Amino acid sequence: MTNTTAKLEVLTPENSQIIFIDHQPQMAFGVQSIDRQTLKNNVVGLAKGAKAFDIPTIITTVETESFSGYTYPELLDVFPEKKVLERTSMNSWDDQKVRDQLAANGRKKVIVAGLWTEVCNTTFALCAMLEGEYEIYMVSDASGGTSKEAHDMAMQRMIQAGVVPVTWQQVLLEWQRDWARRDSYDAVMEIVKEHSGAYGMGVDYAYTMVHKAAQRTQTAHEAIAPVAAPVTAR
């Protein structure tokens, strides 16, 4: 199969793995290309999707205790039993543990989300393609750079080298593919409702107003009927 033909294959739960690179506070402090709360929302939504579809997942960090801080707790809590692969190099490909785990997962399509786009993401992507012959799918909106230009130019550089740009929701729905796949439908809908903004709000509306489902709240909330106040003539 040629490299071009391989990229025509859609992502499936059977052909892809994912790596989260350096989603740590100190790295996030420098991000200016995307709102940082939006970034965290997208990262956690992507992680929940990987968990729902049982995608082989790697979480790797750099200089946690000496500089970068601990990985987002919301990300770690999606995978409570997973060990984090610590590194010293900005380039994850330079760490043998990362290479070994990628190989052990046995899938050539590698979905990447990380900080910063122009450093950790780019160097890993280029080396993994050149030396490991992996196909890289870069999740643009679950990654961030130190400026919009830095992020955009890094994405352009990677695209020119053969990286496939994607967004987190695109990946999630590509894994789902068919709404008739009921084994993952409910999990995907829960992720969408919590992390997909207007799309999730639309799902909540359809469920409650069209299908008359219960509201998505942890406790019931009683609504008090309107009472018209008297109008004072002037």
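In this predicted model, the largest nonpolar core has 58 residues, and those with the most contacts inside it are Phe20, Leu46, Phe124, Ile136, Val139 and Trp175. Phe124 touches Ile19, Ile21, Asn91, Ser92, Trp93, Val98, Leu102, Val110, Val112 and Ile136, leaving aside residues up to four places away in sequence.

Strand E1 (residues 16–21) pairs with strand E2 (residues 57–62) in the parallel sense over four bridges, and Phe20 stands opposite Ile59 in E2. The open sheet has six strands in the order E3-E2-E1-E4-E5-E6, with parallel pairing. Strand E3 (85–87) and strand E6 (164–166) each have a single partner strand, so one side of each is left without a neighbour in the sheet. From one strand to the next, the twist averages 25 degrees. Helix H3 (residues 36–52) lies across E1, E2, strand E4 (109–114) and strand E5 (135–139), and runs at about 145 degrees to E1.

The structure also holds 10 salt bridges. One of them joins Lys109 to Glu9, with the closest N and O atoms 3.5 Å apart. Lys109 lies in strand E4 and Glu9 in the loop between helix H1 (3–8) and E1, 100 residues apart. Lys109 counts as buried because its relative accessible area is 2%, under the 20% limit, whereas Glu9, at 32%, is partly exposed.

Glu194 is partly exposed at 48% relative accessible area, and Lys48 is partly exposed at 24%.

Notes. Residues numbered from 1 in each chain as written. Predicted model: local features only at pLDDT ≥ 70, side-chain atom pairs only at ≥ 80, totals over all residues. Heavy atoms only, no water. Pairing = 2+ DSSP bridges. Helix = DSSP H or I, 4+ residues; strand = E, 2+ residues; numbered from the N terminus. Axes fitted to C-alpha atoms, helices over the stretch in contact; angles between N-to-C directions. Contact = heavy atoms within 4.5 Å. Core = buried A, V, L, I, M, F, W, Y, C linked by side-chain atoms within 4.5 Å. Buried < 20%, exposed > 50% of the residue type's maximum accessible area, 1.4 Å probe, protein only. Salt bridge = Lys/Arg side-chain N within 4 Å of Asp/Glu carboxyl O.
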